[in-house]
Amino acid sequence: MHEIHRRRHPLVFRTLQVEQVIDLTPHMRRIVLGGAELEGFLSAAADDHVKLFFPDADGTLVMPTTGPDGTPVYAEGAPRSPARDYTPRSFAPQSRTLVVDFVLHGDGPATAWAARAQPGDRLGLGGPRSSVVVTGDFDQYLLFGDETALPAIGRWLEEMPSGQRVHACIEIPGDADRQTLHTKADATIAWLPRDGAEAGARLEAALRALPVPAGNTFWWIACESRHARTMRQFLENERQVAKEWIRATGYWKHAGDTGEE
């Protein structure tokens, strides 16, 4: 019996510093974060999320504390620093360094911060609060995601053992956004450059065109919210895949998407 379980973690808030900035592709910037407060940091699954807190316009970093019930608590009346969810790309406990990859698009606070980040800059981090841990005994793993899911997909591939069968299908803005991904697994990687097409459309078309795989398959999907929903519904309703063997998450939304089914 394949086991998928959620592992809870104590909520801890940390203040970190930028140690290194690396431009991976035209739309992806890697930020290496460090600090003594990373002592005890734990991320148990490839698609974990942490909450990053970015300084206000005047450089002030306002973060919550952990309340007695384990939930975040802000000082009454205090302004709140903008915050966004990101995937821990990798963590090195010995050097206390955490890698986070930022997609550079739009003009939100996270993109603006990442675009001008320099060594020594500060930001806050909370979590992860939990990890969804998937056992490694499925016959194969199928990973579908766009560029916002690339950090999680890259981590999935790096952490899979030798011989594990996995197929990753990744939608990116253009050919220049391909990355070199390392794995010991028996892996195939398909890159789907959008080249101006609607985000998520080519990823969904690739899922629908994929032949039914033999054996027990775990499906992981992360992309624009509406497409993530329709891809999950396709697997459940037309392919009759068990709900427990699908993890589909909307990482972002098109403007005007209400989130209704």
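What volume does the largest pocket have? In this predicted model, the answer is about 980 Å³. The model is predicted, with local features requiring pLDDT of at least 70 and side-chain atom pairs pLDDT 80 or more, while totals for chains, interfaces and linings use all residues. Residues are numbered from 1 along each chain as its sequence is written, and side-chain values use heavy atoms, without hydrogens and water.

**View 1. The centre of the largest pocket.** Here are His-49, Val-50, Arg-84, Asp-85 and Tyr-86, which lie nearest the centre among 42 lining residues. A pocket is an open set of 1 Å grid points where a 1.4 Å probe fits, with protein on both sides within 12 Å along at least five of seven lines; lining residues have an atom within 4 Å of a point. Volume is the space filled by probe spheres set on the points.

**View 2. Elements around the largest pocket.** Strand E16 (246-252) is one of the elements giving two or more residues to this lining, as are strand E7 (83-86) and helix H1 (109-116). E16 gives the most, with five residues. Helices (H or I, at least four residues) and strands (E, at least two) are DSSP runs. By class, the lining has 17 nonpolar, 13 polar and twelve charged residues.

**View 3. The second largest pocket.** This pocket holds about 240 Å³ of space and is lined by 15 residues, with Ala-46, Val-134, Trp-156, Glu-159 and Met-160 nearest its centre. E11 and helix H2 (150-159) each supply at least two lining residues, and E11 gives the most, with three.

Notes: Nonpolar A, V, L, I, M, F, W, Y, C, P; charged D, E, K, R; others polar.
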